[in-house]
Every structure is written in C-alpha cells, then in structure tokens.
Amino acid sequence: MAKKTITIAIDGFSSSGKSTMAKVLAKNIGYAYIDSGAMYRAVTLFCLNHGIIADDGTVDTAALEAQIGNIAITFGVNPATGATETYLNGTNVESQIRDMRVSSRVSTIAAIPFVRHALVAQQQAMGKNKGIVMDGRDIGTTVFPDAEMKVYVDASAETRAQRRFDELRSKGDTTTTYEQVLENVKHRDLIDTTRAESPLRRAHDAIVLDNSHMSRDEQNQWLLSLYNKIAGE
C-alpha cells in the first residue's frame, strides 16, 4: 500500500540535533527539507551586516521592519555534497549563519513578532502541498499545527553544548570555548522558552525524543520507523 504524503514537524532546543536528523529523514523518504532556524539566522546575519544590531545587542526594530520585505531567503542543494544550503538575497551564507556571531543574536531576532509573522508565512507557503520535513521551535505549534507527524527533540544543555562545541572545532574554530558555548545554549533556551511570540514548547500531540544517549544511526532509525508507522496508516 502506498504511503500517504504528510507534513513532518520536528521541534526542539538549539543544538539538539534536530536539523541533522530532519535532513537525513527527508533524504531517506524523498521529502523536501526546510531548516526554519536557518531562516532566522539569515535575518540575523542581514541585521549584523546592515548595522541593525548594535554592539550591545540592541536591535533597531524600526530599521528591521522597514527592511524585512527586502530579505529573501531561499534554499538550494549543493550538488557536490547533496546538502541543503541557505541563501540570503541570492548569496550562499550557509557557513556564515552558523558562527557564534550569529548564534549569540539569533534568539533575540527570532523573538520579534513581525519577523516571526513574515517567516511563518513563508514557511507555510513552502509546505502547502505537504511532503515536507521542517524543523525549528514552533513548527508543530504555530507553523503546521495540523502536521500528521510531530516530534519534540530534547537533550541536556551540557550535551547540546558539547555537540555544538565539537561542530565548531570540526570547522576550524579554535577560539570559542566550551564554557562560552554552554552559556550561549542556556541563554538561547531562556529566550526561546519565555518569549511572548510562539515560544518553544512541546505540542500536545508531539512525541518526545530524548536523544541524549543515542547515536545518530539510532535516532535516524527511530524517526524512520515513526514515519513508516504514521504514513502507512
């Protein structure tokens, strides 16, 4: 029996591994993958590059609101690696949006209501025909509340900080310390869970995946099995 086409929403804290597992799942089942967090990171990078964020972290919201319509975020697949990469106004910014300069400011930008409204509208348009895997903070609660498959990924702050630290090291960052990454993770957790607009929370019908002690292969198999069960019903 052919599987039905569904919408898959994967939410969770920063550095919980949700983007990595979402990408693998989408590739395995032939769905489109959208990294909603990358979209907020791209907006943050735009703000940093255009002086909209001051050195003390203050955001010129009036300037951002005037520019939000000029921020075009798209995704493309790298033919050499098969990885989905993020484009800001036509420029590949995948590596730039992953550094600590952006990570330290993205939760502040993501908490601004008009930014969320603009990006949620884009995300909903991307997923209107289903057959999509999207990860973020509010996918199962705000973007796709009717998604057939919702997963909430959890892991301790320390575990997530270590993963992020190892990732930065693998990319050649030898200056950022584990302590700095842990502080950033905890700070982002606080902002993400307490913001007024679409805070991070588990959807009532989401299935929790605590991957603190799971290998990537184990979590990928867990997700694929869940998909097969839901899409095959």
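Q: Which strands does helix H2 lie across, and at what angle does H2 run to S2?
A: In this predicted model, helix H2 (residues 36–49) lies across S2 and S6. H2 runs at about 40 degrees to S2.

Q: What makes S2 an edge strand?
A: S2 belongs to an open sheet of 5 strands in the order S2-S6-S1-S7-S8, with parallel pairing. Strand S2 (32–35) and S8 each pair on one side only, and these are the edge strands. From one strand to the next, the twist averages 20 degrees.

Q: How do you know that S1 pairs with S6 and with S7?
A: Two strands count as paired if there are at least two bridges between them. S1 and strand S6 (residues 132–136) have 5 bridges, in the parallel sense. S1 and strand S7 (residues 149–154) also run parallel, over 5 bridges. Both pairings therefore meet the requirement of at least two bridges. Ala-9 stands opposite Met-134 in S6 and opposite Lys-150 in S7.

Q: Why is strand S1 called mostly covered?
A: A residue is buried under 20% relative accessible area, and 6 of the 6 residues of S1 (residues 7–12) are buried. Thr-7, Ala-9 and Asp-11 point one way from the strand, while Ile-8, Ile-10 and Gly-12 point the other way. All of these are buried.

Q: What makes S3 and S5 the edges of their sheet?
A: The sheet is open, with 3 strands in the order S3-S4-S5 and antiparallel pairing. Strand S3 (73–77) and strand S5 (91–92) each have a single partner strand, so one side of each is left without a neighbour in the sheet.

Q: How do you know that S3 and S4 are paired?
A: At least two bridges are needed, and 5 bridges join S3 to strand S4 (residues 84–88), so the two are paired. They run antiparallel, and Val-77 stands opposite Thr-84 in S4.

Q: Why does Val-120 count as buried?
A: The limit is under 20%. Val-120 has 10% relative accessibility, so Val-120 counts as buried. Val-120 lies in helix H6 (residues 113–126). Leaving aside neighbours within four places in sequence, Val-120 is in contact with Tyr-40, Asp-138, Thr-142 and Val-143.

Q: What makes Asp-192 a buried residue?
A: Asp-192 has 2% relative accessibility, which is under 20%, so Asp-192 counts as buried. Its place is in helix H9 (residues 178–194). Not counting residues up to four places away in sequence, Asp-192 touches Ser-107, Arg-137, Pro-199 and Leu-200.

Q: How do you know that the side chains of Asp-192 and Ser-107 make a polar contact?
A: A pair of N or O atoms within 3.5 Å is required, one able to donate a hydrogen and the other to accept it. The contact between the side chains of Asp-192 and Ser-107 is 3.2 Å, and this distance is within the limit.

Q: Is Ser-198 buried or exposed, and why?
A: Ser-198 is at 14% relative accessibility; the limit for buried is under 20%, so Ser-198 counts as buried. Ser-198 is found in the loop between H9 and strand S8 (207–210).

Q: What does Ser-198 touch, and which side chain is joined to that of Ser-198 by a polar contact?
A: Not counting residues up to four places away in sequence, Ser-198 touches Arg-116, Asp-138 and Thr-142. The polar contact joins the side chains of Ser-198 and Thr-142 at 3.2 Å, within the 3.5 Å limit.

Conventions. Residues are numbered from 1 along each chain as its sequence is written. This is a predicted model: local features need pLDDT of at least 70, side-chain atom pairs count only at pLDDT 80 or more; totals for chains, interfaces and linings use all residues. Side-chain values use heavy atoms; hydrogens and water are left out. Helices (H or I, at least four residues) and strands (E, at least two) are DSSP runs, numbered from the N terminus. Buried means under 20% relative accessible area, exposed over 50%, partly exposed in between (1.4 Å probe, protein chains only). Contact means heavy atoms within 4.5 Å. Axes are lines fitted to C-alpha atoms, for helices over the stretch in contact, and angles run from 0 to 180 degrees between N-to-C directions.
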